Amino acid sequence: MTARTQIAAGLIAVVSALTSLPGTAQAQDLRALARAHAAKNAEAPLVLTGPPGDYQPKNVHDLARESDVVLRGTLTPIATYLGPNEDRILTDYRIDVEQLLAGKMPPMTSEKPSNIPPRVLTVYGGELRLEGVWLRASDPNREEIVAGKSYLLFLMPSRRDDPGYYEIYHGGIFEVSSDGVKPLLKGGNKVFKDIAGSAIEDVIANVKMARRGP
Amino acid sequence: MTHNHCRVLLLGLGLGMGAISNTETASGDSSLLTARPADLCVAPGALEARHRRSIEARPGRMQGCPPIPSGGGEDLQVFITKADASCTVENGSYVRALTLYELHVLAEAYGQCTLRGPDCSPLPCTCVTTGTQLRWPSAVGILLINSHPLSPFSVGPIYPNGVLQQWDSRVPGQASPPGRGWSTSTLGEATLRFTEFIFTTTCNILPSSKVVERTAYVLECKPEWFTGGTPPVNFHGPQTGNIKIVLPSAAFENARASAEAAAAAWAKGLGRNISVQPGYQTCESNDSLCIQLKNDHGTQPGDPVGCASLGTATYNPTTGVWAGSTSVRFEPNWTGGHPDNLTRTIAHELGHYCGLWNREHASCSSAGTIMSAGNCYSPDPPPAGTALGPTSEDVLPVMKSTYGNQVRSTCGW
């Protein structure tokens, strides 16, 4: 690359940086959309769907080995808020652990109650009011989470990078019932062929076996 | 004696005239009403003979006893199921190539024709019932109309087993053959035209046929649509308008050629303008025809699994049309991949923008659809034959369903 072309490339980079400054109208800026919507029809909610995922089949052994934590528990919504880029709505659920099957979680007790770290699952979706407008978002990849139901969860650390915050790994959230475990993931019966419909006891045994290693 | 005979005869003729006139009025033939009494004062038997000769000499005289139609109505219901009865093919839905389907009909046609003839013994002549004909569906023919150069094809008729005014090929013993099998390898739109042929009887009770058509779209790979919401809608970009893809900075310049190739492929498939804008810019939040390249996939909480994604937007809850701009999101380390992989990745995400979901069914391949999984940033070229843009299997579900009849049912996979 010649000096002249290097300068030209540098100028292009500077110009492009100027044209994409933060604060300009970015793609899917929910706050800007809500503001514009409020001026037209504040009564009607704004609805939003999440990005479609590409979930390739995964067996219980790989799912368990690749997850940070595997547990059975219930979920209770505690907060719904705008994501860091303000392009999505996120909801935090408190995880009440019934049975920790694999991995480690922060302890639930501390000498100083204020130091008790949370056990939180963050997922796409939820409902909140922004700029005078209700926004409703849902994850197209899975069914809604129902508070109080028992779930089998395969978790990874949250991308917000806070201790005690988790996200679902590879769509690994299953409703537990007497009929067996049912994936919430759309098309989950094909993605989790050896899990869907199995008895929870069998899945737990497989998870523990996978985490013990060969 | 002769006088008395004539009086009796006149009395008899009067009854007879009255009886005949009811039908004559209908047929317009009143010649019998014009007979003079003098003509009737003839020897016993002579009048009957004269009338018989008159009727025989003039064929039109037989119209004096026309058949009487009664009733009517017809219906034809069509049932198309997969041969294993696991699903039903709805009109405008999707079926799988080289898969056996059963075609059944419930045919109905009602009405009857009362046949009559003159009874002139004893005189005067009266019309009497000589028989009854039923109006009935005598056959249902099935024709396949598709894009094959030899189309249309006869799938074959179905006949009732006997004279039945209502018969159902699904009921054992009512039809031969008991339904028809249908399978096709010709992809695309296929119309099955069912024609019920109706025996209209001597009374010619119309109509003589009833036609029911069922259209299905024949694909190899199971179609899937990007749906959600309550009530469910199919998310998609606006049906009209020029779609623009924008690069926010020079950092995305390596993706320009791939974006142009993906845009051109979709533009050709959908028959509309989709182009990559020159220079660098960002989308306005509310511009649903604008798609921006980004490189933050996988970094945000709530991001799904996959090597890229469509940054979605708000949508119209009634129509599913995006209400804001969207984005094609690469991973942060997206550079260095083979351009064909990048083309396929962008075309795949544009498929989501157009309303398609991932197509991961075993019937799908990377050659058959752009919506199967790809290797987004591999430096190696994709396998030979891999689709780099939408195939007809991708375009059809968008054009016929998302932008068409909104039918999203499938049968055969």
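**Rings, interface and sheet**

Tutor: A search of the whole structure finds 13 aromatic pairs over all chains, where rings of Phe, Tyr and Trp (its six-membered ring) pair if their centres lie within 6.5 Å. This is a predicted model, in which local features need pLDDT of at least 70, side-chain atom pairs count only at pLDDT 80 or more, and totals for chains, interfaces and linings use all residues. Side-chain values use heavy atoms, leaving out hydrogens and water; residues are numbered from 1 along each chain as its sequence is written, with chains lettered from A and ligands numbered from 1 in the order in which they are written.

Student: What are the numbers for B:Phe252 and B:Trp334?

Tutor: They are 5.8 Å centre to centre with 10° between the planes, so that pair is stacked (planes under 30 degrees apart; over 60 is edge-to-face and the rest tilted). B:Phe252 sits in the loop between β16 (243–246) and α4 (256–270) of chain B, and B:Trp334 in the loop between β21 and α5 (339–354) of chain B, so the pair ties together parts that are 82 residues apart in sequence. Helices (H or I, at least four residues) and strands (E, at least two) are DSSP runs, numbered from the N terminus.

Student: OK, interface now. How many residues does the contact take from each chain?

Tutor: 45 from chain B and 37 from chain A, with contact meaning heavy atoms within 4.5 Å. The two chains bury about 3,500 Å² between them, 54% of it on carbon and sulfur atoms (accessible area, 1.4 Å probe, lost on being put together and summed over both).

Student: And which residues form the salt bridge?

Tutor: B:Asp303 with A:Arg88, the closest N and O atoms being 2.7 Å apart.

Student: Which strands of chain B supply at least two residues each to the side touching chain A?

Tutor: β18 (290–294), β19 (308–311), β20 (314–315) and β21 (326–330).

Student: What does β20(B) pair with?

Tutor: Strand β1 (residues 46–49) of chain A, antiparallel, through 2 bridges; pairing takes at least two bridges found by DSSP. A:Val47 stands opposite B:Tyr315 there.

Student: What's the strand order in that open sheet?

Tutor: β5(A)-β6(A)-β1(A)-β20(B), with mixed pairing. β5 (126–130) of chain A and β20 of chain B are at the edges, each with a single partner strand, so one side of each has no neighbour in the sheet.

Notes
A salt bridge is a side-chain nitrogen of Lys or Arg within 4 Å of a carboxyl oxygen of Asp or Glu.
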